[in-house]
Each structure stands twice: as C-alpha cells, then as structure tokens.
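Here are some exercises to work through with the structure at hand. Try each task yourself before you read its solution.

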Amino acid sequence: MTDNIYMPYLMKVEKITWEAPGVRTFMLKFINEEDQARFDFKAGQFGEYSVYGSGECTFCIASSPTRKGYIECTFRQTGKVTNALAGCEEGSIIGFRGPYGNIFPIDEWKGKNLLFIAGGIALPPMRCVIWNTLDLRDNFKDITIIYGARSVKDLVYKHELDDWKMRKDVRLITTVDPGGESPDWNGEVGFVPTIVEKVSPSSENTVAIVCGPPVMIKYTFPVLAKLGFTDENIYTTLENRMKCGFGKCGRCNVGKYYVCKDGPVFTLAQLKDLPDEY
Amino acid sequence: MSKIGVFVCHCGENISATVDCAKVAETAGKYDGVTFSVDYKYMCSDPGQTLIKNAIAEKGLTGVVVAACSPRMHEPTFRKACAEAGLNPYMCEMANLREHCSWVHEKGDPTTDKAIDLVRVLVEKVKYNQSLNAIKVPVTKTALVIGGGIAGIQASLDIANTGHKVILIEKDPSIGGHMSQLSETFPTLDCSQCILTPRMVEVAQHPNITLYTYAELESLEGFIGNFKAKIRRKSKSLDEKLCTGCGLCTTKCPSKKIPSEFNEGLGMRTAIYVPFPQAVPNKPVIDRKNCTYYTKGKCRICEKVCPTGAIRFDQEDQIVEVEVGAIVLATGFTIKQTDFFPEYGYGKHPDIITGLQFERLASASGPTLGEIRRPSDGKVPQTIVFLSCAGSRDEAKGIPYCSKICCMYIAKHAMLYQHKVHGGKSYVFYMDIRAGGKMYEEFVRRAIEDDGVNYVRGRVSRIYEKNGKLIVKGADTLLGAMPVEIEADMVVLATAGVANEGAEELAQKLHVSYDPYHFFAEAHPKLKPVETNTAGIFLAGACQAPRDIPESVSMASGAAVKVAGLFSQDELTREPLIAVVNRQPAPVYSSCVGCFLCVSACPYQAIEKEEIKDRSGAVIKRVAKVNPGLCQGCGTCVAFCRTKSIDIQGYTHEQMYSEVMALLNEY
Amino acid sequence: MADFEPRIVAFVCNWCTYAGADLTGTSRIKYASNVRIVRFPCTGRIDYMLLLKAFDEGADGIIVSGCHPNDCHYTSGNFHARRRWIMFRSLCDFLGIDIRRIKFSWVSAAEGAKWADIVNSTVSSIRELGPYEEYRKIVKRPAKEVTNG
Amino acid sequence: MNIEKRLVRKGSLEKLFNLLKNNGNTIMGPLERNGKTRFASVNSFRDIASGYVQTTQSSKEVAFPRAEKILDYSKNAAGMSVKGIDPAEIPQVVLWGVRPCDAMGIGELSAIFNWDYKDKIYNNRLSRVTVIGFSCEKADEYCFCTSVGGNPGSTEGSDILLTRMGGDGDFLAEIITGKGARIAALSPELFEEAGNPEKDKFLASVPVRFEREMISRKLDKIFESDEWVSQSLKCLGCGACAYVCPTCACFDIQDEAHGRSGSRVRCWDSCGFSMFTLHTSGHNPREVQSQRWRQRIMHKFSYMPDRLSVYGCTGCGRCSRACPADMNILEHLISIQEAEV
Amino acid sequence: MDELRKKAGELLEASAVKVIIGYENGSDGKTRALFAEKPEETARLVFDSRCVMNLATYVTKKEVRNKGRIGLVATLPVMRAVIQLASEHQVDDAGLLVIGITPESKMVEFKDLAEVEAFVHRYQIEIDSKQKEMLDKLEKMTPSERWDFWIRELTPCFKCYACRAACPMCYCHRCTVDFNQPQWVPVPSHELGNIEWHIMRAIHLAGRCVDCDACYNACPLAIPLNLLTKRMLLDAKEHLGGYQPSIKADHLMSTYKPDDKDNFII
C-alpha cells in the first residue's frame, strides 16, 4: 500500500446524506483498520476519491479532523466520476487516497475572530475548518459565518446550518440570491458580497476565510479590503483540476506553484503573487 | 443512487417452462443498484401489478425492470402501473424473456443464462433512464386546405361541418377543379356539374370556410398544431366587394381570342373573364398576360363599363398570413398533352385530342354545347378512335404506372359518342381493361355489348393524316398481332395523368416527401394512405396518385376525419422520446458546433438553427435545436452527430452504451 | 471448436426486426440462444461505435438489422443507416476487422422465420470462424506492455 | 566514480548487444518505421536504426510509459480487491542508442518524479534501466543542447557512453556508473584498452545559441507579453511537442473497465491540450493557446529551475522537428532572450 | 509570388481583411503559416511546392477569427476545405476572403466563396497514384495481414492528436474522444485506444475529407493514417457517387439514395 501512492484506501460508504439537488455527502469509513489507525489529516486538505472503473476526482475532506474514525466528502454530480459516485449506495466500496495539500493554519488563528464566507457548493471545503474551530471553540474569539446560495434548496448542510443558528457562540448569516427565496425563508436575500457589506464584520484581530464561485470571490475581496482586512488575513482555497494530488501530473500548476502541494489554501497575499491561471 | 426493482414474470408457464425464473430473480437481486427482485406467476395480472406498485412504494424504487413478454406488448401496461405508484413511467423498462428467450430456446442453462443477461442489460440501462414528461403541444383549430377541386371541396366541407374553421385556397379563379370540366361521370352517367356545383356553392356560403381563390401557398413554417402559412392572393385586378358579378365587363372586353383553360383550348375567352358560368366565386379576374391594358397600356374598357367601379388596375398581390393546425393537400393532378406524343404527330393535328378535351366537347356547357364535333372543321366524326394508355404504363416515356381513370372514362366517352352520334363507329385500343370498382366492369361491358363500341386489344404505333382522314395504325394482339388500320375522323388520347407542374416545389415548401413521379408520398402505402410523413399534413385526391372521383372524395373525408381527430384535442400529447441538443456551461454552451449536417439527415425537418446569445443580445454561437413538435424520435441525427451533441431521450448514449457494455460482462 | 459458443450481439430497430423477432417467438420457432438483442428506435440510431464496443466486450459476431427499404417507420432512418454501414463496413474491412463477423440484414415484422434463420446461420458461421481472438488480443493486452511492443 | 575509458571495436557492438540480450535484458533501441525512429524492444541488432541525428521519439517511455497500469481491481461477492503492480513484472531494460541529450533528460524527468514525494513506479522502472548512450557525430539546426547545459558528448545520464571515433571507426566507451561497469564486466574482452583519445574532435558541433539563466530572468518579467500570442498563433494545440519531449511528464489517470474488473492507467497528457485544465464547470484557467504555450515555456525555463533546480529542456530539438506547424522552440527562446523588458 | 505579396499588401492596406494567412519560410527549409497583419509583413509571404500545410485549419480557430476578416492564401486542397467549411456553416464571405493559388501556381482572385466553389469544381478529387498503389497493395492482403499491418502502423501512435489539430475539418470544440460520458474511445494510447480513435476519425471524415493529407503531414510519426480517409474517399466514389465540397449541396453522409448499395445486407 505505502509502496504505491496511487493505490487508494478502500473505503465503505457508511452514510449518504442529500444536501441539495445533485449534491450529497458521503460518510466514508476505512475498510482496513490499519489504514484508519495510520490515517491523519488536517483542515483544508483534500483527497482523490475514486469509483473503480470510472476514475478519480478531487474534493476536499469536508469533515473535521477532530472527528475521528471517518471522513466525509460533499460533491455535486457534474462529471463522469461524480456521476459514478452518485450511483453508489450505502455499503458501496470506493477508493480514497490522500490527504494531500496544505492546511488552514488554525494554530496561528488562536485568539482571533474568525469570519467564514462561503457561497453555494463551496461550503464543504470550509465546513471542515468550521467544525474544527468549533470543536476547539475556546481557542478563538467570535466566529461569524456568512453563507449564501442561489436558492433555498441549494443551501447545503441544512441541519448543520440549523445547529449553528441555535448555537450562542456562532453568528450565522444565511442568504439566498434575489428570487431564490422560499415563502418561509427567514434569512437574508441578496448576493454574498452585498450581505458581507451589510453585516460589516470588524476586521480587528480577524481572519477571513472565503470560498465560493469565482464571481463571488471577485466581488467579496474588495468588500473585505474596504472593511480593513489585509491580504494576509484573507484565506481561500483553490479548486484547480488535479489528477495525481502530489505535484507530478502538472495539471494544477499555477505559475511555479502546485495547487495540490502549495495549496489548496492560499492567503489573498499569496494569491496576488500567482499568475491569473486558476 | 439507483434502487431498482426487478420483476420476473413466469407468464404462467410460458417463460418458466424453459427459464429458471427464480434463478433469474435471485441473480438479478445481487446486481449493484438492484434493491428488490422477485419472480411471480403473472406479472401483468392485477396482483402482479400490485406487487410492483407496492415495491415502488415500500422500497422507494427509482427504476423498474419487468422481465416478461415483449415491451411491444406490455410496456404501456407496466409503465402505467409505475406511474400509478408515483414512479415516472419512463423509469420502467422491459426485458423480453418470452418472445426473445423462452419461446425460442430449449429449456436449459443457456436459456436461463440468456434471460439473466437480458435482465442485467436493462438493469444497467435503467440506471441511466431519466424521468420524462409527455410533451404537450397546443393545437390551432383551423385547417388549411390547398386545392379547390372535388377533394379539397369535400375535405373543407367535412372539416367545416365538424365545427372547425377551414381556409381553402385555390390557384385558379374558381374552385371546382377538373371535375367541373367533366361532362358526365362514370359509372352512373350523371352530370358532373349537377352534382358538383351545389357543393361549390356550399363551400362559398359555409360560415366556417374562408375561401381564397386565385391564391397560392407562399411559404409554410411550424409543425403539427402550429403551422404558420403565408398565402399569396394574386391580384384579380378587381375589388371583389364592389363587384356584383354582372358580367358586363366580360362581354365588352375586346380581347376575345384567348384559349379558354376551362375548355381545354377548344373555346375562347376574354381577358377579363369568369372561367365558366357556374364558377364560385362568380366574379371575374383580369388575365394580365393577355389584357391589352397591361400589355399595351391602353383599353380600360372594363373599367369604363363596370357599373360599380370595381376594376382595380393597380391592385397588387397580397400576402395573407394565417395560423393553422393542420393542412390538407388536395392539389390534384394534370394530364399529358397531345404534344407529348411524337408517334401521334406531336399534337399538331387538331383532331387528335385529349380525354379532357373530349369531356368539353361532350359537355352541354362546352364549346359545342355537347355536340361531338371535331375541332378542325366542326364536322361530326363518323369514325372515332380512343387510345388508352397514352403515355401511361410506358417505361420508355417515364410513366410506368397506370393512370387508373382512363379505362373507365374511355368507356364513358365511347358510350357518350355512341349515344350522341347515331351510326357512328367507335374503336377503343386498349392494353388491358382495368375496371376494378363498384359497377365499373358492368359499365365497360355495357359500352361494348349494348352500345357496340369496338374494343381492340393492342397498341397504336402511329397516327398520320391522309386525305383528310386520320390513319390509325396498330395491331390486334388478340388476333395474333394482325395489323389493324382505321381511317378515323377524330382520335381521343387517354393521356397519362401526371403530377402538377410545381408539385415538387410545393412538396419542398411543405416538407412532405414525394415519389419519383412527383406525386406526394403517403406515410404508409397501406395503413397511412392519407397521412404524409410530416405530422399534421394530410393528402386527399389525385395529388397522391391518379384517383377517380369516389376515391378522391373518400380520401378527402378520410383526411378530414384525421384533421377533426387532431382538432378534438386542445393539446397534443406526444411521447417524450425525442432528440435534444445538449447544453453545457459557458463558455462552451453546447458541444454542438453548428455544422448543421444533421438538418438534412433528419427525416422530419425537425432540426432548426438556434442562436445562443449573451446578455447584450450578441450571438455567441449558432447551434442546432430540435423542434419537439416535429421530432419523431428516430435518432438518426444522434448516430450522425460527430460531437455527440444530440442525444435521444429513452435511448441516450449512456443508456445504449451501458446496455452494450453489460451485454456480455457482469457489472 | 465444437465446444465454442459464439457470443452474438444483435442491434435491431424497434419497429421491424424487434417485432420480427417477437413473431419468431409467438410462432415458437426455435433458434440458437447465443444472441443478445439490443433494441433501438431505428437503425438510424445505431452508432457504429457501439458495434466496436460490442467487440471490445467480447462479442464474436454482430447482427445489425432493421426495416426493409421503404418500410422504415421513420421513412428514411434505414436508408441513412445503410449509407453509414457501407462506409463503416468498408473501413472495417480495410483495417482488417473481420467483416464476416458483422451481418447486416433487413428483417420485417412479418419475417419471424427469417430472423431465426439469420441467427442460426450467423451462429454457425461464427462458430466456424472461432472466437474473435485478434480483436480480443488488443483489448486484453495490459496497457503497460505497450511500450515494449 | 571515475569515468573509465575503453575501446569497443565496431564489430563488437553486435556481440555486446547479443550478450546483453542473452542476459535477460529487454533491449530498447531505436527502430525505424516510415522514416521515424522510436525506442522499442529490439530483437536483433540489425534492426537498430542508425544515421539519425536524433530519434523522433525520446526514450522517456522506458521509465515513463505512455500508458502504464498502476493498479488492477476486481469486484467480487466479497467486495473489492485491488492489486498494485508487481515490480517483478517490470523488465530489466538496456536502453541502447540514446543521445546524450536524452540521457540528460532522464535526470530532468527524475527531478519531476522525485521532488517531494518519490514516485515509486517511476523509480522502479528507472532502477531497472541501464543506459548505453551514443555521442552525437552530427547535429542539425534544431539542436541546442549546448545552450541548456548539455553537449554532444555529455556523459550525464548515461551508464556507458559510446563515441564513434571517426566515420566508420571503432568506439570510445566511457564507463560512467556502476551499472555501466557491471555491463563492461560481463565481457571484459569487448572493452579493450583505449588510451586517451581526444573525444571532442569526433563530436558534432552545436553552437551555443542563448543563455538559459538569462531566459529564466526574462521570463519572470514577460508573463503578460504579447509575444506569447504572436508566437502561438500558428500553434495547433496538439500534443506532439510534449509527447516527443524527453522531459515532459504531465499525465492523466484513467480507469479502464471490462465488466467487473479493470485497471487504472497512468497515461501521457499535454499542457498543450485545451482539455488539460478544463474544469467540469466550464471554467478553464488556461483558456487560449497562448496561455498553454506560455505554460510550456515557463514550466521548462522558469518554474522547474525555480522549484526543482533543473531545467526542463535538454536542447534535443525534438519538439521543433515534430511540430506540424513549425513552432520552433529555439527561435522562440532566442526571441525571449532578445526581448526588451 | 510578387503578385501575391502585392495583392496581400493591398488587401491589408485597404482594410479589406485584417489578417492574411499565408506561408513564410520556416525552419530547415520548411514553410510555415504566416499571419500578416501589417502590409509590410506581406513581404515575407512565399509560395512554392513546399507549402503543403492546410492553412484552412486556422480559419476556424477562435484566436485567429477574433482578429477580424481573414485573407487566406489557398491552394486547391485549402480551397476545398474552405468550401466544405462553408457548407458546414463555419466560414462565410463576411469572415473570409480567399486568395487562390491554382495548381499551376498562379494567383487567382475571388470575389466570394461562390466563385471559389466554382473554381474548386473544375477539379475532381483524385488520389495520387503512389497512394493508390499502397491502397491496392493493402486491398490484396488478407484481412489478417491487413489487421497486422494496421496494428503495426498504429502501435507507435501516442495520440498527440496532431492529425486532428492539423485537419481543417476537425474543428469541433469538443471532439468525441474528449467525451467521457460515456467514454467512447479509451484515453490511453494502447492498440485498442488507437484503433478506435483512427476508426472514428476516418468515419467522421467520410464525405468531408478534402484529401489534403494534412493529417499525414502533421503526424510526427509519419503513420500513414491518411490511407484510412483515402479509403473512405474511394468508397464514397465507388458506392455513393463521390462528392465535391459545395456550399449548398447536401452532405454525402446526411443524405441517401433509395438505390444505395444493398448487396451486403441479407
């Protein structure tokens, strides 16, 4: 196994949760107990998930490293492999190799306020770090989560959103794009950057973690800058196409960086140093 | 994630006698994605269907494979059962274990193995099935009838009488068609106009019928239930509202030497004219080609004499746009003229005439008021020869088919001649006498036996003039090909019935197919004789092939019922198994590159061009688009498309691919 | 080759050959069980790539069958298909793909007996030709050996 | 170790070949077909192509095959069984007839596969390869090894380097590595005393055309240059350059299924293809060909030196020779060197 | 050549076209595509027997099209390709002006594509005798020999897709081989993947191939893959009456004749 890095761990799909149309979460457990014992990862890392016969695809690990014994991933059905994954049932066996990539430096964030901003299907890469920080809640000061999706039905992790809403130690603001609201929607209505501006979180001793579709990111950064966030205090995670996951196949190259090795987590300051090829 | 139920039917013992149904169900139950698998005595029975419905409800099935008989037999049954249980009916597939397996193979493992394969293949297919909804298309309940002959008239009246609107267009100034030219009709010898004109009047007066004479179809777009037609109303140079039809203008018109079309050139008409006295509408038109004013710029006599001032020299063609839901094509036929026949003098001899000209001679309303007189000198012919198959059934002339009506009308002509010219001698040269039809054979026998018409079996090789007589040279094949030579005063050629000039062009406008002779093609020669391949366009009468009156009328009524049936629905419901061009995220939008080669591959002209535009309205890409109203779901475009941009619902790339991949290997 | 059971895949149209094969069944005419039928709406829908896929998956012979000319339910799907077959068949032949293993036929809904004949004759001729090893060789050959070829 | 010099008679080459072959080695050598040469398993010495300036295809396939199984899987009633490749299946290979630029390419390729994680599959293959290089007696206008740190008689990457001494002469054999020495030890009589011949005079002359450090420096500044667009306008976007390149290592991972079993295959890919970076969302970070061409040059002359401390180009000139649109990399590099920034 | 340069310069000068695509001298005595956007650049235009690349392949490229109207130096095969592209709605008069080069190497001016078509129709597509010989040789082999021949020829193919890239008729934004749902053609370049790719390529060019040999010229391994499309050309001639690229006429493979060859169908 260790001999061949391409050789995935065999994982059993323990539980499947429907999150939104075409989006589901798999809870995966190691078939081989030794694998599980050896396996460790940190928030922000990703892996290659494979359906034998269909191939591999890349997503972050969506569960928190503080929750042991399993990993979770959330994906939208779009391509060949995600479609094949969607064909899996509870009990199916899939492959997983990882963890790959760098991490969110949560140790460095100790004693700071955290602002999470996510859009649509980009909450999963952030869920890992959100739970990680929530599980180590005392290490951080205020935690604010701003999450938006195109419509109410497109919001993922609905149960967890409810949990976060109930918690006293988290401030959760959810929003949907204009027109995407349902009759009983009691969150915000508006695009994420607008809502960020409206909520106007303080940049004082705060780290912002932003993840979402390119257009959301593009309009959110200036808002954060206006709020006084420095580029070093804004984190995001890139989602380039990858095949190997460990800096060989050349696909995720952005300038001299390998998103799979040097990323996927980048600060805005680092990002500004990259060519615009992500 | 698929949750597929497999239901294996024993069909009594029809399947289970050779296939181990329990084993099939058991094996299928182990396949990925199969959550429920069972075998049962009679799956199509009520309890069997209930079994399926319960499983759908209890197990939350997302797909169903019924392994039973041919889907051609029970697919609707099981799809309906699925629908009743809340599963989209198109998530149900049938494996054909009976017709394709148990009934054709011996009992044994190979047969059971095959049954298992057949089930597995459909399990794999059904994983890629998609929920589909029947397509609904609204119906414009107005019919367009093209052609105002007897077929068009009958179709219009029948449709109008079911309460639907009809627009009838006719290219000539009057409706009536060829039937109005006929003298009497076989086999009853009743007067053609006597039976036709009341119908023509009825058309004119029917509240549901809009009549456009002197009008032609300019263009057509759309599809069944939703056609848009442009009609060119040729200028009549007349304000029809003002014209009372008094006819003064026609009597005063100085151009009087124009061969009358109605009289097949045997009579003359004026430049402003009504084609015949019983015309509907009975209002004149100006024939601009022959009008002195239009050709020389002077005259305008009609304008001067018109008591209501209805003449409009400056009137232009008018384009009328109409929306219709169905179209009946009843454009009729034409006949070959005598100049088609070199062996009979290229039409140069005035006393060699066509059958239609003879009709005019024999008609009481004709140029001779019904007396049979020869065109050259007006004498009553004492010897007359009728030739059947003039052009027809003659490969060399490019008309290999039988024109069908000639045998009967020749018998009628000869009979009429014998009745009108006492002591006259009539000969009929024929190849075969084709008198299939009610009272037809009897009619021909009457001509031969009662009226003494001489029937000679044989072909006429040559006709030439000699001493004022027409020498008809032929051979009597019944007498061992003995040469026959007849000195005749007049010869009537039963020339071939052929498609109208321009039929091909019209067919292309309508996107209906046509046969090699340019007659419009029916959708199926036996079972769909009045339908065309284009849904919503129907055929009546001789535009499809030479037809006699009763046949034309029957077809017209048949087409009318088809139209009425169509109009009985507010919306058309169609199987959603149609082709679709893919859409992809920007900046590709669709993998279609817009080569549009599929357009000509589609048998139904269902593929159109579509422009994908950005927000500012600029065209980003041109791609193919399948019109769901026209697509019949053959999938020819799918296999043709290089980029795999078109897919057909129900038989998608993924479905067929996974079927093939599962055929021989377990998945 | 006596114990060799050929694996035959049939690509047929829904309206003629599939119905014809149904008639074979209702007439209880027996034929070899080696054939697996895939139903298409029309021969016009049959993608030549699917024929190759059948060989990839181990078919020894293929039958492609549809409506006789002029009988096509969709008017001309079979005519279009025939053109494609002419070219595809010729290309296969040119590449050395054994075209004796691909049978094209017209079987109408009334020709149940003809269907049985075609299946039987195909099975027996493929039985004579033996398994399609030539093609299987390029499928089975492990990818890693490519460079050593 | 010190390079040992020996003389190999021209008539001994075949003996050496047969010896190696009989010793259980697969010999990968240049074979010619349709006027093009590629490395493939050679059965007979006589089949080996000669007279080429450079083989059409590089020899990288010996360690990085164009399609290579990385695992087998099969689904069964018990679940899933997955099997990696068995190193024992990998043959012992003698790579015969490699030019110094190709041999040097092995090092660059290794840098890619061994920076950070050391790719086991690659190394397994490479460890079973012995490289017998042949110095270049001729060069053509595409060659520029001397501009990128190589030369026609470079020993880098070879285990034994043979240099023909004059037209039809015997060979100078330089035994460079332990692997090379083991081969020489198989049949010492073939490796005679050589004295100290002047090797350079038998080598092709390849002028230095640019300075690669300068290229790297310029590249840092011309990322946004229009030059990329004008250079790549004629580029057709095929993968010929990458596939003949001795150092291009981009790959794809694909599954091939037959029924319930199949294998996962690592196969070549190229940054020149538009599909290479295309996301399923439709977004493509390198959407136009000029970006992809820039990536190729930047990767070889800026990113690799920066990250891996090696250049990704050996100056073999293959990409230019193979390009159907005559994209000449040397020309482009010179124009970059001359670019004013 | 001077005439050509002059004409090209005039067209750019008058802004009748924004870019002239022609040939210039390239490396190693070869010629290559020149994209002249300024009148003075037209001095680099050359034309002679080395100019075999089919420049029509550039006119469907987005980067080139974005420059504006194209003036294309076109030999007969290039003109054929242009007409075929026009019939497939990929180019039109608004985007393209053809500067023709006759088989006698004379420059010929065209007002529009209709004139190009008329010119093209003066020549039949004829397969050259050497290749015909090769085709005949293959024809005479047994199927097994042919199979071995092709496996041997196609084994070196590493699927760089230069044949596709160089072919003016392969302009699809997404080729079927890039289609992975389902995966019609195996991605790796092993025998199966190679043979299926080349079958597909040949079939897709049936009735469309303009016989320019661009695919063969582009192949870095000189695989005689043009024989496949030539076989298709011969078949089209033998069985379907042949074809000529024409803007309006129906495409060979999207039409049919009721009396097409039927003797292979039982």
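Predicted model: local features only at pLDDT ≥ 70, side-chain atom pairs only at ≥ 80, totals over all residues.

Residues are numbered from 1 along each chain as its sequence is written, chains are lettered from A and ligands numbered from 1 in the order in which they are written, and side-chain values use heavy atoms, leaving out hydrogens and water.

**Exercise 1. Work out the strand order of the open sheet in chain C, and find its edges.**

Step 1. Take helices (H or I, at least four residues) and strands (E, at least two) as DSSP runs, numbered from the N terminus. Two strands pair if DSSP finds at least two bridges between them.

Step 2. Four strands of chain C then line up in the order 2-1-3-4, with parallel pairing.

Step 3. Strand 2 (35-40) and strand 4 (102-106) of chain C each have a single partner strand, so one side of each lacks a neighbour in the sheet.

Step 4. Look at one pairing: strand 1 (residues 8-13) of chain C runs parallel to strand 2 of chain C over six bridges. Within this region, Ile8(C) is opposite Val35(C) of strand 2.

Step 5. Helix 4 (residues 112-129) of chain C lies across strands 1, 2, 3 (61-66) and 4 of chain C, at about 160° to strand 3.

**Exercise 2. Describe the interface of chain C and chain E.**

Step 1. Count contacts (heavy atoms within 4.5 Å): 38 residues of chain C touch 47 residues of chain E.

Step 2. Compute the buried area, the accessible area (1.4 Å probe) that two parts lose on being put together, summed over both.

Step 3. Search for salt bridges (a side-chain nitrogen of Lys or Arg within 4 Å of a carboxyl oxygen of Asp or Glu). The interface has four, and the side chains of Asp262(E) and Arg82(C) form a salt bridge at 2.8 Å, N to O.

Step 4. Ask which elements of chain C supply at least two residues each to this side. They are helix 2 (48-56), helix 3 (77-95), strand 4 and helix 5 (133-140). Helix 3 gives the most, with 15 residues.

**Exercise 3. Now describe the interface of chain A and chain B.**

Step 1. Eight residues of chain A are in contact with four of chain B.

Step 2. The two chains bury about 380 Å² between them, 55% of it on carbon and sulfur atoms.

**Exercise 4. Where does Ser92(A) lie, and which residues is Ser92(A) in contact with?**

Step 1. Ser92(A) is in the loop between helix 2 (80-86) and strand 6 (93-100) of chain A.

Step 2. Leaving aside neighbours within four places in sequence, Ser92(A) is in contact with Met11(A), Lys12(A) and Val13(A).

Step 3. The side chain of Ser92(A) also reaches the backbone nitrogen of Glu89(A) at 2.8 Å.

Definitions and conventions:
Axes fitted to C-alpha atoms, helices over the stretch in contact; angles between N-to-C directions. Polar contact = N/O pair within 3.5 Å; in protein donor to acceptor, adjacent residues only side chain to side chain.
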